[in-house]
Amino acid sequence: MRRASEIRAAGSWNATSAIDRVVLDAAERHRRRIVLTGERGTEFLLDLPHAAALRDGDGLVLEDGAIVRVAGKPEPLVEVAAASSHALAR
């Protein structure tokens, strides 16, 4: 199985060169070691030295230099509003 042990930060690599894409929600993007499968079927082991928060647009570098793009899964949001900043803090 292929292995990814390096993260390239979003914006620091050419995203059009990605060979595949993994779509992960917020909880799934905080990882150290897990088997992932991309949308095109690329299966690999994410094997980082320590847990890291993956961000939308980050690249996971495989052993052979190929990169799999991380994409954030759309999730429901909650909008919080208040009449003033003081009311918001309460």
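Modeller: Gladly! Buried means under 20% relative accessible area, exposed over 50%, and partly exposed in between (1.4 Å probe, protein chains only). This is a predicted model, where local features need pLDDT of at least 70, side-chain atom pairs count only at pLDDT 80 or more, and totals for chains, interfaces and linings use all residues. Residues are numbered from 1 along each chain as its sequence is written, and side-chain values use heavy atoms, leaving out hydrogens and water.

Biologist: Is aspartate 47 buried or exposed?

Modeller: Aspartate 47 is buried, at 14% relative accessible area. Aspartate 47 sits in strand β4 (residues 43–53); strands are DSSP runs of E, at least two residues, numbered from the N terminus.

Biologist: Which side chain meets aspartate 47 in a salt bridge?

Modeller: Side chains of opposite charge can pair when their charged atoms come close. A salt bridge is a side-chain nitrogen of Lys or Arg within 4 Å of a carboxyl oxygen of Asp or Glu. Here the partner is arginine 3, at 3.1 Å from N to O. The pair links distant parts of the chain, 44 residues apart, with arginine 3 in strand β1 (residues 2–8). Arginine 3 is partly exposed, at 33%.

Biologist: How many salt bridges does the whole structure hold?

Modeller: A search finds eight. Among them, arginine 69 pairs with aspartate 56 at 3.6 Å, N to O. Arginine 69 lies in strand β6 (residues 67–72) and aspartate 56 in the loop between β4 and β5, so this pair ties together parts 13 residues apart in sequence. Salt bridges that share partners also join Arg3, Arg32, Arg33 and Asp47 into one network.

Key
Helix = DSSP H or I, 4+ residues; strand = E, 2+ residues; numbered from the N terminus.
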